[in-house]
Amino acid sequence: RRIDTEDLPPANLVFLLDVSGSMSAPDKLPLLQRAFRLLVREMRPQDRMALVVYAGASGLVLPPTDGTEKARILEAIDNLRAGGSTAGAAGLRLAYQTAREHFDPHATNRVILATDGDFNVGVSSDAEMQRLVEEERESGVFLSVLGFGTGNVQDAKMETLADHGNGNYAYIDGIREAERVFVREFGGTLFAIAKDVKIQVEFNPAQVAGYRLIGYENRALANEDFADDQKDAGELGAGHTVTALYEIVPRGVEVPTAGVDGLRYQTTPDLTEAAESGEWLTVRLRYKPATGAGTFADESVRLDVPVAGRAVPLARASEATRWAVAVTEASLLLRESEYAPGATWDDALALARGARGADAHGDRAEFVRLIETAAALAATEADRRDRPVALGD
């Protein structure tokens, strides 16, 4: 569900900015400052922003300031300089403290951490940081994380913090990506329409002999967690979509079992009448809908959606499906996945080029260029490995 920016609740934001020495590179703090100028331009009079910085020590450089004072906010941003070591934990505590002191029950209250992920001074164990953001999310202050720069970006740590803080994580490597995150999609980043979103997929064994979820390793839940409303799960923002791809083996095709022996006491379980319906699978969804800005229902809503239909060749699939498959094939190649022995850069590139569609903002064109670059690098590396080497005496 999309919500126009003017209809969003007020935004009460505390930005926690990493100004340590590691942020001095052009694609870190200088890019962050340029990105923030885009954001400030979009602020409405009812929105408020505070700035907390951390390096060798942490401090409040801009108290909560409303959107009518753009010049004051921009001056504070432009005056930031990188230097010192990284006291990330202390800065995070100060940011949460600032958010709580100026909490607005009618607004979206959120801490947004912008960093290259290099926490190296102070108490900064992953477990302690996670406990902190979990405690704070219960107060209604959520956490989102923005990653900047290349080389030492710690994606796993930053994504984990955002997950436990009921927020989201984005990586920004240039001004185009900053425009997407701060302007085009920022309403969805700020305003959650649902929290504790869980998805459970049951395949029909009369149709599917085996299946594998591609990716999402860090999102897996135990089966019993699906019905447990106390179990924390993902947040879904306004206008966001989620795509998951499964590789399936149709009924009647042998499933590779890696030498697993058969069971002595069990056989194939009996099937219910629904198995003969022709359905491929059922998607179950649980979520707690938003009841206001930053407030959600205590009990989850459940939806069950059976999926039937005939399989079609990939060439006749929807544009969205072909694009998702192209992205996935490229990802499997980058990871050198054992599950994609037939994947090739040429196939991924052809599929992506054919599924670009309207591409109003050029995002898909950018990904096609990334595939072209990756393919060229792979070919160069293969040529280097195959080139004969003259050995000395």
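Helix 1 (residues 29-42) and helix 2 (residues 70-78) have axes that come within 10 Å of each other in this predicted model. The two axes cross at roughly 170 degrees. Angles over 145 degrees count as roughly antiparallel, so helix 1 and helix 2 are roughly antiparallel to each other.

**Helix 1 and helix 2**
- On the helix 1 side, the contact is made by Q33, F36, R37, V40 and R41.
- On the helix 2 side, K70, I73, L74, I77 and D78 make the contact.
- By class, the residues of this contact divide into five nonpolar, one polar and four charged.

**Strand 7 and its partners**
- Strand 7 spans residues 192-203 and is mostly covered.
- Nine of the twelve residues of strand 7 are buried.
- Strand 7 runs antiparallel to strand 9 (residues 234-237), and three bridges join the two.
- Within that pairing, V197 stands opposite G234 of strand 9.
- Strand 7 also pairs with strand 11 (residues 281-292), in the antiparallel sense.
- Eight bridges make up the pairing of strand 7 with strand 11.
- Here A194 stands opposite P289 of strand 11.
- In a regular strand, side chains alternate between the two faces of the sheet.

**Helix 9**
- Which residues of helix 9 (residues 345-354) are buried? They are W345, A348, L349, L351 and A352.
- What do the buried residues of helix 9 pack against? They pack against helix 8 (319-334) and helix 10 (363-386).

**D363 in helix 10**
- D363 has its place in helix 10.
- Leaving aside neighbours within four places in sequence, D363 is in contact with R176, R180 and R184.
- D363 and Q266 are 97 residues apart in sequence.
- In space, D363 and Q266 are 50 Å apart, C-alpha to C-alpha.

How values were computed
Residues are numbered from 1 along each chain as its sequence is written. This is a predicted model: local features need pLDDT of at least 70, side-chain atom pairs count only at pLDDT 80 or more; totals for chains, interfaces and linings use all residues. Side-chain values use heavy atoms; hydrogens and water are left out. Buried means under 20% relative accessible area, exposed over 50%, partly exposed in between (1.4 Å probe, protein chains only). Helices (H or I, at least four residues) and strands (E, at least two) are DSSP runs, numbered from the N terminus. Two strands pair if DSSP finds at least two bridges between them. Axes are lines fitted to C-alpha atoms, for helices over the stretch in contact, and angles run from 0 to 180 degrees between N-to-C directions. Angles under 35 degrees count as roughly parallel, over 145 as roughly antiparallel, 65 to 115 as roughly perpendicular and the rest as oblique. Contact means heavy atoms within 4.5 Å. Ala, Val, Leu, Ile, Met, Phe, Trp, Tyr, Cys and Pro count as nonpolar, Asp, Glu, Lys and Arg as charged, and the others, Gly among them, as polar.
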